[in-house]
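Below are some notes for reading this structure. Please keep the model open while going through the points.

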Amino acid sequence: MGARTGAEFLKGLKSPRSIWLGREKVTDVTEHPALAGAAHALAEVFDLQHREAATCLMPDPETGEPINVSHMIPRSRADLMRRHACLEKIAEFSVGLMGRTPDYMNVTYAGFAGRDDEWGAFGNEGGATNLVAYQKFLRRNDISLTHTIVQPTVDKALGDVPAAGNDVALHKVADTEHGIVVRGARILATLAPFADEIAVYPAAQLPPGADAYALSFCIPMSTPGLKFICRDSVSVAGNRHDHPLSSRFDEQDAFVIFDNVEVPRNRVFIDCNINVYNNVMRTGWYPNITQQTMIRAQTKLEFAWGVALRMAEAINSLQPPSLQQMGEIRTYADLTRAAIAAAEHEAHDYGNGCWFLDKPPITALKAILPVWMPRVGEIIRLLGSHNLLAAPTKAQMDDKELGPLIERYLRGAGDTNAAKRARIFRLAWDFAGSALASRNEQYERFYLGSIQRNYQWVQTLADRKRADRLVDRFLSEGTGP
Ligand SMILES: Cc1cc2nc3c(=O)[nH]c(=O)nc-3n(C[C@H](O)[C@H](O)[C@H](O)COP(=O)(O)OP(=O)(O)OC[C@H]3O[C@@H](n4cnc5c(N)ncnc54)[C@H](O)[C@@H]3O)c2cc1C
C-alpha cells in the first residue's frame, strides 16, 4: 500500500473503537464535533506527504513502495538530515502544536527495529522478529499509532512502577492458544481517537519480581476489551477565523484500560522478559525520538516569536520592554535550533549501524524546554495584555450594526485595520490563553518526563572529567610546602 492519503486515513478511523468522551461513547470520531477538527487536520498531514513527496517520501527498502521518511532507519548523518527535513515539514503543519502526529511513533519504531539486536537479547529473539515484522507492517500500511508507556499513579509513596500483586498497572494474566491476555491500565494515550493501533512499550525500570508487567506489543484500536477515557475536549468546533488553532489541533489524550485483552502472539515484542524490558530504552530511544520532538518544539518557538512580532507591530509596541520580551522568545528558539544542530552534527552509530543524535545537547534541551515553553506562553500573554480579550469574532465584524463601530474603535497602529488586529490577537490567545493552550502547556511540562526527572538525567549522564580538573586545581593548591 505505502503512504496513505488523508481520505484513506479518515476511512480507517471509522473502524470500531471504544472511545469515551464526556458523557458519551463516540461512534464516529471523524464526525463528532469535538474530534472532527483534529481528525481532518491529521488527514491533511497524510495529504501533505504526497504534496511534499520529494521531502517526505522515500521508497521502502524492500518493496520500493513510497513510505514516509519518518519510517527510515537512519544509518548515517545524511539520513538524519533527510529525516530532519521531513520532520520539519510535518511540524510546520501544526506549528508544533500537535506533538504526536504519526511521525512520532514512526521514528520510535524505526529506532526499535534498527536496534533489533537489543530487542533480541536475553532470549527474546522471537519478540525481536515480531517487532521487525511489525515495523514493516507499520510503514507499508502507513498506520497511525498511539502509545501508552507509563503506569497509572495510585499511591506515590509506593514508587513509580508496579510491585508484584499490583492489579492496576497493565500486566499479563494468561497465555492462550494464539497469544496472551493482558489486564490493567496505563496513561496517557495522546492521539488515541485518531489512531489505527496502540503501542505498549517500556518506560520506567521494573523492580525484580515484576515480570508480569514487562510487556510490549501493538494491537488494533478495535481489539475487544480496549477502552479509552478521553480528557475533556479543548477543541472548539467552528470557523478557523475565530479559533485558528483550537478548531483543529486538539490531538486528545486518553487513559487506557485493558479489560482482558487478547494480544496475538505475532504482535508480542516482550512477554514478561524483565531484562529486555529494562534495557531496550536505555541507549538509543531518546537520542532517536528527540529529533522529532525538538524539531517540533523549535518550530513552535519560532511560531511564537512570529506571533509576538505581529502583536507588537499591530499596536506599535516595538520598543522596550516588548523588545526584550520578544528577544527572550527568540533566544529560546535559537538555542533550541543550535542544540539540535549540535546533536545532529555529533550524531553517531549507537550500535547495529543505527545513527542517532548526540546525547548531551538533547538531554539538556529535554530538561529545559518544559521551563521555556510555559515562559513563552506567559510572554505572549504579557505582550498581548487586554488586547487578547478585545478581539471580536468574524460574526461580530460582519454584523451591519457592529461592524463599522469595530472598524472605528478596534483598529490598530499604522495600516492595521480592525480585521487584521482581531485575527492577530485571536491567534495569540488561541496559542497562549485558550483551553488548548492550557492543555499544551501541560503537555510541554510532562510529555518527556517531569522537569525534576529530566534534570536528574542531565546530572546522571553528565561527563564530570573536565569539571573535576577545573575544581581540583584549586583544591590541591596551597597544600604543598
Ligand atoms: C498532555 C500529556 C500527554 C501525554 N501523552 C502521553 C502519551 O502519548 N503516551 C504516554 O505513554 N504518556 C503520555 N503522557 C504521560 C507522560 O509520559 C507522563 O506525564 C510523564 O512521564 C511524567 O510522569 P508523571 O505524569 O507520572 O509525572 P511525575 O514524573 O510523577 O511528576 C509529577 C510530579 O511528581 C513530582 N515528582 C517528580 N519526580 C518525583 C519523584 N522521583 N518522586 C516523587 N515525586 C516526584 C513532581 O512534583 C512532579 O512535578 C502524557 C502526559 C501529558 C501531561
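1. Some terms come before the strands. Two strands pair if DSSP finds at least two bridges between them. Helices (H or I, at least four residues) and strands (E, at least two) are DSSP runs, numbered from the N terminus. With these terms, E24 in β2 is the bridge partner of L21. Strand β1 (residues 19-21) is joined to β2 by three bridges, and the two run antiparallel.

2. This is a predicted model, in which local features need pLDDT of at least 70 and side-chain atom pairs count only at pLDDT 80 or more, while totals for chains, interfaces and linings use all residues. Residues are numbered from 1 along each chain as its sequence is written, and side-chain values use heavy atoms, with hydrogens and water left out.

3. β1 and β2 belong to an open sheet of six strands, ordered β2-β1-β10-β11-β7-β6, with mixed pairing. At its edges are β2 (24-26) and β6 (171-175), each of which pairs on one side only. On average, neighbouring strands of this sheet are turned by 20° against each other, direction ignored. Here axes are lines fitted to C-alpha atoms, for helices over the stretch in contact, and angles run from 0 to 180 degrees between N-to-C directions.

4. Another open sheet has four strands in the order β5-β8-β9-β12, and its pairing is mixed. β5 and β12 (268-271) are at the edges with a single partner strand each, so one side of each has no neighbour in the sheet. Neighbouring strands of this sheet are also turned by 20° on average, direction ignored. Within the sheet, β8 (residues 197-200) and β9 (residues 215-220) pair in the antiparallel sense over four bridges. The bridge partner of V200 in β9 is F217.

5. Which residues are closest to the ligand? They are R100, K156, L188, T190 and R453, out of 19 residues that surround the ligand. A residue counts as near if one of its heavy atoms lies within 4 Å of the molecule. The shell around the ligand divides into seven nonpolar, seven polar and five charged residues. In this count, Ala, Val, Leu, Ile, Met, Phe, Trp, Tyr, Cys and Pro are nonpolar, Asp, Glu, Lys and Arg are charged, and the others, Gly among them, are polar.

6. Where does the ligand lie? Domain 1 (6-279) and domain 2 (285-469) both give residues to the shell, so the ligand lies between them. The domain bounds come from an automatic or database domain assignment.

7. Polar backbone atoms are 2.8 Å from a ligand oxygen atom at I149 and 3.0 Å at L188. The elements that give two or more residues to the shell are β5 (145-148), β7 (179-190), α15 (435-446) and α16 (451-461). Among the elements, α15 gives the most, with four residues.

8. The backbone has a few points to check. Most residues other than glycine have a negative phi, and most peptide bonds are trans. A cis peptide bond joins I187 and L188, with omega about -25°, and L188 is in strand β7. The bond from P320 to P321 is cis as well, with omega near 0°; P321 is in the loop between α9 (285-314) and α10 (322-345). N260, which is not a glycine, has a positive phi of about 55°, and its place is in strand β11 (residues 253-264).

How values were computed:
Polar contact = N/O pair within 3.5 Å; in protein donor to acceptor, adjacent residues only side chain to side chain.
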